[in-house]
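I opened this model today to look up a few packing details. My entries follow.

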Amino acid sequence: MLLCAVAATALTALTAATSAPDADARTVADPAAVVREWNAIATDTIKTSLGPRPSGQAAIWHGFVSVAVYNAVVGIEGGYALYKWRERGPAGASSAAAAATAAHDVLLTYFPASKERIDASYADSLAALPSGRARDRGVAYGKRAAARVIELREGDGRFADVPFTLAPAPGVWRPTPPAFQPFIDTWLARLRPLLLASPRQFRPGGPPALSSAAYARDVQELKVMGARTGSGRSARQTETALFFSGNLVEQVQTAVRDHAARHRLGIAGTARLFAAVNASATDAVVTAWDAKLHYGSWRPITAIRLADTDGNPATTADPAWEPLLLTPPHPDHVAGHTTVTAAVVRALTGVLGTSRIDLRVPSEVTGTTRFYGSAADLDRDVVDARVWGGVHSRTADVAGHRAGAQVAAWALDHYFQPVPKHGTQPLPAPGRHTSS
């Protein structure tokens, strides 16, 4: 689950952290500020549109915006290979103007209901930049960068009718209490990825057999550590489960903005960081939903309440068992949270060139911020959190983590690569669309 309704009212707690900065904060001396600003605007726009939706959708839209901004910036600044495009920007164009324009146009295309706010933010962004030929050229190039991404995403499978067809049986997912919602956003499982060749490129193996010892261990751990009441969790473990029970994608955006600002990344480096993180997260969501739709494994609440139907003598049913967190309306295997987190962390370490990620991650649910210096520590906490929340088996968490890391490692081998500042584009990887 990427957006959990544990505390819907808490979704407003980070408004100040994600709202766009004042115009005075945007200066020519820090052109990278416009990339951070438009990431914050995108975060607020997406959040306003989706609300507390327990789905991976938010990552998709951030991916679209980030690759458009990346092309708009690096096409002018150079230094990195463009994303599925060959049109370099004009000399002397403002990359800040291009970035704001690309983000504006992509957001306006997909979120027209937010037009008034998006347009007002765009006017502020342009007003903070010197008028003249450089800004005008940047605007024109940013429009082309946005149009290119929008063109690439045509007919990509968004909102397609994708049915869940597995017949009811022990081990098979079914709607869970209290809302008993149907499988949400099944189309994510068939969405054309931003980077990968297909949604199933890194599909993990399936869940353990119901008769296996591994399955019994998963169920027993969940019964003890994921229960709403009478659990074996410590106070810190409960806080960890709650900390990662909200909008993971928003947590990531806030943390990456903070990292980029504190480390004074330039505009091209900032755009690259967001593109690598968010495009990898997009394809991690697609990978996770592909596995969910393909394997269709039941959630812990169902597995524990109906353990007397699984044929495993090492499990026992508890019809009254409740998880700490509300169970989101999609299957267990694999966990979206761990798949996305692993992709984000692997993208960060790949771009930064170190496992020391230096992230300050906030939580709107707990109202606290955690510091993560180590990539491994963040991955570990998210894996544990989903078990301690009672919403995912450890097997689903670990398999998702492995798949997400594979997605991002492959992505960085094929995209967002450094090139000489005024050099030619590297040859595209097999299967990449590169027409201009």
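How far does helix α14 reach from its first C-alpha to its last? I looked it up in this predicted model. The 21 residues of α14, 394-414, reach 31 Å. That is close to the 30 Å expected at 1.5 Å a residue.

Next I checked burial along α14. I found A396, D397, A399, G400, A403 and G404 among the buried residues. V407, A408, W410, A411, L412 and H414 are buried too. I then asked what the buried residues of α14 pack against. They pack against α10, α12 (336-352) and α13 (375-388). Just after α14, I noted F416 with a positive phi of about 60 degrees.

I moved to S280, which lies in helix α10, residues 267-295. Is S280 buried or exposed? S280 counts as buried because its relative accessibility is 0%, and the cut-off is under 20%. Its side chain reaches the backbone oxygen of A276 at 2.7 Å. Setting aside neighbours within four places in sequence, I listed the contacts of S280. They are L195, A275, A343, A347, V407, A408 and A411.

Then I looked at the nonpolar cores. The largest has 108 residues. W38, Y83, L195 and F416 have the most contacts inside it. Helix α10 gives this core its largest share, 17 residues. A second, separate core has 16 residues, including L222, M225, A227 and V391.

Last, I looked up W38. Leaving out neighbours within four places in sequence, W38 is in contact with A100, A103, H104, L107, I118, S121, Y122 and S125.

Notes:
Residues are numbered from 1 along each chain as its sequence is written. This is a predicted model: local features need pLDDT of at least 70, side-chain atom pairs count only at pLDDT 80 or more; totals for chains, interfaces and linings use all residues. Side-chain values use heavy atoms; hydrogens and water are left out. Helices (H or I, at least four residues) and strands (E, at least two) are DSSP runs, numbered from the N terminus. Buried means under 20% relative accessible area, exposed over 50%, partly exposed in between (1.4 Å probe, protein chains only). A polar contact is a pair of N or O atoms within 3.5 Å; within protein, one must be able to donate a hydrogen and the other to accept it, and residues adjacent in sequence count only if both atoms are side-chain atoms. Contact means heavy atoms within 4.5 Å. A nonpolar core is a set of buried Ala, Val, Leu, Ile, Met, Phe, Trp, Tyr and Cys residues joined through side-chain atoms within 4.5 Å. The expected span of a helix is 1.5 Å times one less than its number of residues.
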